[in-house]
Amino acid sequence: MRQFPLEMHHMAPGRVVEWRLRSTAAESTDAGGAADRRASFNQDKHFTVAEESRAADDPVASWIAVTFEVAGALDEDALTHSLLAFVRRHEVLRCEFRRLAGELACAPIPAAQLALDTAEVASFDSNAELTRFLVDRFKRSIDTLSWPLFTMGAVLREDSATVYLAFDHIVCDGMSMPIVAQEVQSGYEALLRGELPDPAPAPSYLDFAEEQRRRYLSIDADDERLGYWKEFIARSGGDFFPRFPLELGVEPGRMYSIVNEASQLLDAAEAEVFEKACLAVDGKPFMGVLAAVAVCLREAGGPGVYRGFMPVSERGRAAWTNSVGWFVNTMPVEFDASPGRDFAQVMASVRAGFTEMIGHIDVPFVRAWELLAPEEFAARSWPYPVNFFSYIDMRKCPGAERHEDWRPTSHVWSAQANGACSWFQRDADGLHMNSIYSDTPAARRTMDGFLEALRETVREIARHGSFRRPIALTAPRRPGSLTPRDVAAFARRP
């Protein structure tokens with residue numbers, strides 16, 4: 001499983017059917033639903049930005065989607081029941097968000113008061129036509145301020161189907177996507193066997209949000225738990241947000257349309273050797289990738305000390321391992337990647353920096369932002385290009401043992417950007433990179449060159465266990481072009 005732009009998905013055409021969620025509360029004799037719950041800090045900030053953007057007639061939009069394959073002719077009734085069981089299991093998917101006395105409240109609709117209606121949408125004869133439809137469909141149907149906050153459908157063919165679900169970020173994160181694929185597929189297969197999907201509700205993200213608010217809503221800027229953040233800011237010259245160190249050609253206060261690109265960095269065999277090289281110096285693969293990123297940025301003119309943001313999953317703290325929700329805390333990380341340090345030395349520095357970061361992970365990012373950078377918190381976006389690194393090993397996600405059969409893929413999209421964000425994924429096919437960045441000539445040149453330098457660097461580590469040769473940004477490939485290897489890497493035949 002990997003993440004790449006939906007436009008790169010080679011999905012065979014067919015007949016499109018969608019399942020539309022509705023509440024049956026008006027038809028029900030049940031008296032009332034569940035009590036309102038408080039939203040998480042992530043959700044509150046996300047919803048506030050959507051409200052302010054709508055008021056300014058400058059809508060901010062984004063979505064996260066997952067697709068996966070079903071072999072054989074689709075049993076539409078079985079998939080309907082599996083999708084409904086999935087939505088009923090995850091309380092956050094049944095929520096309507098609304099303002100109550102200034103606070104953002106989640107109003108869960110009782111599971112029994114939900115139904116799905118099947119709608120015939122259209123038939124498509126080409127991949128290009130189908131892809132354009134889905135891209136437009138996700139953009140139009142996902143609205144932070146309107147319920148439901150996701151869309152579900154399938155592309156049906158005689159001997160196969162591609163199922164898709166697209167979500168607003170307010171109800172899920174990237175780690176939720178393999179959970180979605182695993183749960184819907186497992187429920188569907190159970191129904192085909194004459195069994196029922198698991199009826200037990202999943203541990204609720206709303207409980208996580210309530211616990212988070214109870215612990216951190218009352219802290220102030222003098223709380224000792226913000227010490228790690230304050231030290232990081234002081235060493236960053238007073239900046240709360242670590243700056244992306246390369247030129248992207250963006251103007252302050254301006255947002256741009258995006259470039260959404262993905263490439264393979266290592267194939268499966270190379271990724272295995274890369275992992276061994278990392279383990280040989282007492283590191284992990286994600287640390288090796290982060291070390292390579294830091295050295296490439298430094299060689300391109302960035303500082304010797306790497307400073308950046310890193311999203312960290314909060315699912316492991318309790319029972320939320322298989323729950324859908326926004327279980328992500330964003331934390332600052334820094335380490336020394338100065339010239340003259342070899343691979344083992346940089347890896348030791350990455351390991352020390354990461355260990356220090358994890359020791360201070362409790363305080364939610366949005367709360368730290370609000371307390372330590374209140375002027376920037378009032379804005380609708382991060383103030384300038386921010387250094388951002390994300391890594392997920394998809395082989396460790398729920399359902400990974402079936403990924404070869406289901407062929408799940410994840411896709412992210414945002415309407416605008418004022419910087420660059422890169423996500424790295426390891427799967428059975430290798431190591432991959434997906435980047436979204438501002439569509440400017442300078443950003444295209446920088447990111448193309450960075451990709452080529454990074455690919456060469458991780459391959460050098462795999463081949464030699466070190467930064468064997470000098471690293472520099474190479475001549476960029478033509479903006480927007482794909483190499484034959486890129487095309488082959490993302491080919492998907494149903």
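Tutor: What follows starts with the open sheet, moves to its helices, and ends with other parts of the chain. Keep in mind that this is a predicted model.

The open sheet consists of four strands, and their order is β10-β16-β15-β13. The pairing within this sheet is mixed. At the edges are β10, residues 258–267, and β13, residues 389–393, each of which pairs on one side only. On average, neighbouring strands here are turned by 15 degrees against each other, if direction is ignored.

One pairing can be followed down to single residues. Strand β15 covers residues 420–427, and β13 pairs with β15 in the parallel sense over five bridges. Within that pairing, F389 has S422 in β15 as its bridge partner. As a general point on strands, side chains in a regular strand alternate between the two faces of the sheet.

Now the helices on this sheet. Helix α8, residues 285–299, lies across β13, β15 and β16. Its direction is at about 150 degrees to β13.

Within α8, M287 is a residue to look at. M287 has a relative accessible area of 5%, which is under the 20% limit, so M287 counts as buried. Apart from neighbours within four places in sequence, M287 is in contact with M347, V350, R351 and F354. For a sense of distance, M287 and E18 are 41 Å apart in space, C-alpha to C-alpha, and 269 residues apart in sequence.

Another set of strands is built around β6, residues 103–108. Five of the six residues of β6 are buried, so this strand is mostly covered by the under 20% limit. Strand β5, residues 95–100, runs antiparallel to β6, and six bridges join the two. In this pairing E96 stands opposite A107 of β6. The hairpin of β5 and β6 has two residues between the strands, and A101 takes a positive phi near 55 degrees there. Strand β3, residues 37–38, also pairs with β6, in the antiparallel sense and over two bridges. Here R37 has C106 in β6 as its bridge partner.

Helix α2, residues 76–89, and helix α4, residues 176–192, pack at an angle of about 135 degrees, with their axes 8 Å apart. The two helices are therefore oblique to each other. Their crossing is right-handed. On the α2 side the residues that meet α4 are A78, L79, H81, S82, L83, F86 and R89. On the α4 side they are V180, E183, V184, G187, Y188, L191 and L192. By class, this contact has nine nonpolar, three polar and two charged residues.

With a relative accessible area of 17%, H46 is buried. Leaving aside neighbours within four places in sequence, H46 is in contact with S62, T144, D168, H169, I170 and W326.

Technical notes
Residues are numbered from 1 along each chain as its sequence is written. This is a predicted model: local features need pLDDT of at least 70, side-chain atom pairs count only at pLDDT 80 or more; totals for chains, interfaces and linings use all residues. Side-chain values use heavy atoms; hydrogens and water are left out. Axes are lines fitted to C-alpha atoms, for helices over the stretch in contact, and angles run from 0 to 180 degrees between N-to-C directions. Angles under 35 degrees count as roughly parallel, over 145 as roughly antiparallel, 65 to 115 as roughly perpendicular and the rest as oblique. A crossing is left-handed if the near helix is turned anticlockwise from the far one by less than a right angle, and right-handed if clockwise. Contact means heavy atoms within 4.5 Å. Ala, Val, Leu, Ile, Met, Phe, Trp, Tyr, Cys and Pro count as nonpolar, Asp, Glu, Lys and Arg as charged, and the others, Gly among them, as polar. Buried means under 20% relative accessible area, exposed over 50%, partly exposed in between (1.4 Å probe, protein chains only). Two strands pair if DSSP finds at least two bridges between them.
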